[in-house]
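Take a moment to look over the chains before you read on. We'll go through them one step at a time.

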Amino acid sequence: MPQLDPTVWPTQLFWLAVTFIALYLIVWRVALPRIADVLEARQRKLDDDLKKATALKEEAEQILADYEKLRADAQASAHEVLKTANDALKAEAEQQTAALAAKLAAQTEEAEARIAAAKASALSSLEGTVSEVVMAATEKLIGVKAGAQEVDRAVSDVMGSQAKGGGG
Amino acid sequence: MAEGGGAHSPLEQFEIKSLLTTLEPGETMGLVTFTNSSLMMVATLVLITAFLILGMRRGALVPGRMQSLAELSYEFIAGLISDTVGSEGRRYFPIVFTLFMFILFGNLLGMIPYSFTFTSHIIVTFALALIVFIGVTILAFVKHGMHFFSFFVPPGAPVAMWPLLIPIEVISYLSRPISLSVRLFANMLAGHTLLKVIAGFIGLLGVFGVLPFALVVALTGLEILIAFLQAYVFAILTCLYINDALHLH
Amino acid sequence: MRIGVEIVAALIVGVAIGYFLDRWLGTKPWFLLLFFVLGAAAGFMNVFRVVGGLGGQVGYRNKSEPTGSENGRDPAEGQDPADRRNGDG
């Protein structure tokens, strides 16, 4: 078996030593550091990107929270405004209702006063008419011409008591 | 061993031939003779260097194919070391990486038809195994001093058994370089010899030569797997021995 | 293959030690026999450790080290760490 021929051993050992040591130096000094650098750079970039992403995410969340707060505030103030407007309107409505009521009451009073006045004047003119009728009637009935003042007095007595007692 | 026809022995493929000089009859090879074995070793060196350096030339953050492969080999061995030795093993990363790549590429280059497998020589594998063994033993001495010898006392054994157990443990420890080298050498030797023998039948059987041919194709695939596997086993055992030297003593 | 190699390696070491002790001390063949036996025992202990058995490997006191990863011809036991390749270029 050629492997067991000792004459070939020295040359194999020599070249093995040369190539192996050369390879070791190259790997140790050049190849591995280069690969390690690239791997490390990649890992660093990943970490950086990840950190940036989390920072941006937090910022976005912050903005969202601010927006929410703003919206809630706006909503609350809008509510306030509506409420005050509502109250103002209600107050004004009440005011106008009261004014109207007062006006109506005044008008009713005035109307009642006019009615009373008209009633009074109607009554007084009625008295005159009744006096005339009574004078004519007495004249006709008993042929006596009563004195106008006596007739007026009698009529107003009767009408007065009748007015008091109920409608004449 | 069976012959494939003619006077060729399947072991002829392992002969060391001088490439640049012709030997006189009776003259033996010198120290610096450039042989087929030397050629394959230099080719291995060149290929590994090219693979690593050219692969990392771009150094892009998103790697291309070659760069991915180079980084893969780096991370594979780095993972191996951190799994077996832990973080202190970091300093031994270059030697383990060199061993792994050298043996791997050596094995794989031998699969090329008409090339030579330099790992099929016991002296080469023994030298590599000795590097590991002596390195690890020196490491253990440097780290633990004379306490190193407590390694050979199995835990929990009664003192009466020591005269029996300690020589056995010593023999077991000393057998490490032997097993490391013989394993690699025997796998390569057996694989290539088998291939040669089966291939020898292709011509003999005429039409039925397709069967040995198919077998050779299948065996080649298997041998490529074994090339990877043996490099891996060598590397992981080296890591385990380093771990032994650093801890557990 | 792995197991065979372990036994053979230990035997070789044992026989070598025995042989050289015999030559040095002139006690053929006793040391040779003794160390042949010891070598065989060491070989079998190596096999036990490879197969993941009794006493733990030489010096493996923690018994936490991987043992199953050294079994001869099975394809690599998924020791592939940090697989973060993202596709071919």
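Here is a walk through the chains, their core, their interface and a few charged pairs.

First, some ground rules. This is a predicted model, in which local features need pLDDT of at least 70 and side-chain atom pairs count only at pLDDT 80 or more, while totals for chains, interfaces and linings use all residues. Residues are numbered from 1 along each chain as its sequence is written, chains are lettered from A and ligands numbered from 1 in the order in which they are written, and side-chain values use heavy atoms, with hydrogens and water left out.

Let's start with chain B. Chain B has 6 helices and 0 strands, where helices (H or I, at least four residues) and strands (E, at least two) are DSSP runs numbered from the N terminus. Its C-alpha trace spans about 65 × 55 × 40 Å along the principal axes. Of its 249 residues, 55% count as buried; buried means under 20% relative accessible area, exposed means over 50%, and partly exposed is in between (1.4 Å probe, protein chains only). Now pick out the contacts (heavy atoms within 4.5 Å) in chain B with a separation of 6 or more: 66% of them come from residues 24 or more positions apart. For chain C, that share is 38%. Chain C has 2 helices and 0 strands, and buried residues make up 33% of its 89 residues.

Next, the inside. In soluble globular proteins, nonpolar side chains tend to be buried together. A nonpolar core here is a set of buried Ala, Val, Leu, Ile, Met, Phe, Trp, Tyr and Cys residues joined through side-chain atoms within 4.5 Å. The largest one has 75 residues, and B:Leu52, B:Ile77 and B:Phe100 have the most contacts inside it. Helix 1 (9-142) of chain A gives two or more residues to this core, and so do helices 1 (36-55), 2 (65-84), 3 (93-109), 4 (122-144), 5 (162-204) and 6 (210-246) of chain B. Helix 6 of chain B gives the largest share, 15 residues. Another core, of 17 residues, lies apart from this one, and its members include B:Ile122, B:Val182, B:Leu189 and C:Val13.

What does B:Leu52 touch, leaving aside its neighbours within four places in sequence? Its contacts are A:Val27, A:Ala31, A:Ile35, B:Ala70, B:Ser73 and B:Phe97. Follow one of these, A:Ala31, into helix 1 of chain A. A:Ala31 counts as buried because its relative accessibility is 3%.

B:Leu61, B:Tyr74 and B:Ile123 supply 17% of the area that chain B buries against chain A, more than any other three residues.

Now for charges. Side chains of opposite charge can pair when their charged atoms come close. A salt bridge is a side-chain nitrogen of Lys or Arg within 4 Å of a carboxyl oxygen of Asp or Glu, and the count over all chains comes to 7. The interface of chain B and chain A holds 1 salt bridge. There, B:Glu71 and A:Arg42 meet at 2.8 Å, N to O. C:Glu6 also forms a salt bridge with B:Arg183, with the closest N and O atoms 3.1 Å apart. C:Glu6 lies in helix 1 (residues 2-25) of chain C and B:Arg183 in helix 5 of chain B, so this pair joins two chains. Both C:Glu6 and B:Arg183 are buried.

Compare that with a pair inside chain A. A:Glu68 and A:Arg71 form a salt bridge, their closest N and O atoms being 3.7 Å apart. These two are 3 residues apart in helix 1 of chain A, so about one helical turn separates them. A:Glu68 is partly exposed at 36% relative accessible area, and A:Arg71 is partly exposed at 40%.

Definitions and conventions
Buried area = accessible area lost by both parts, 1.4 Å probe.
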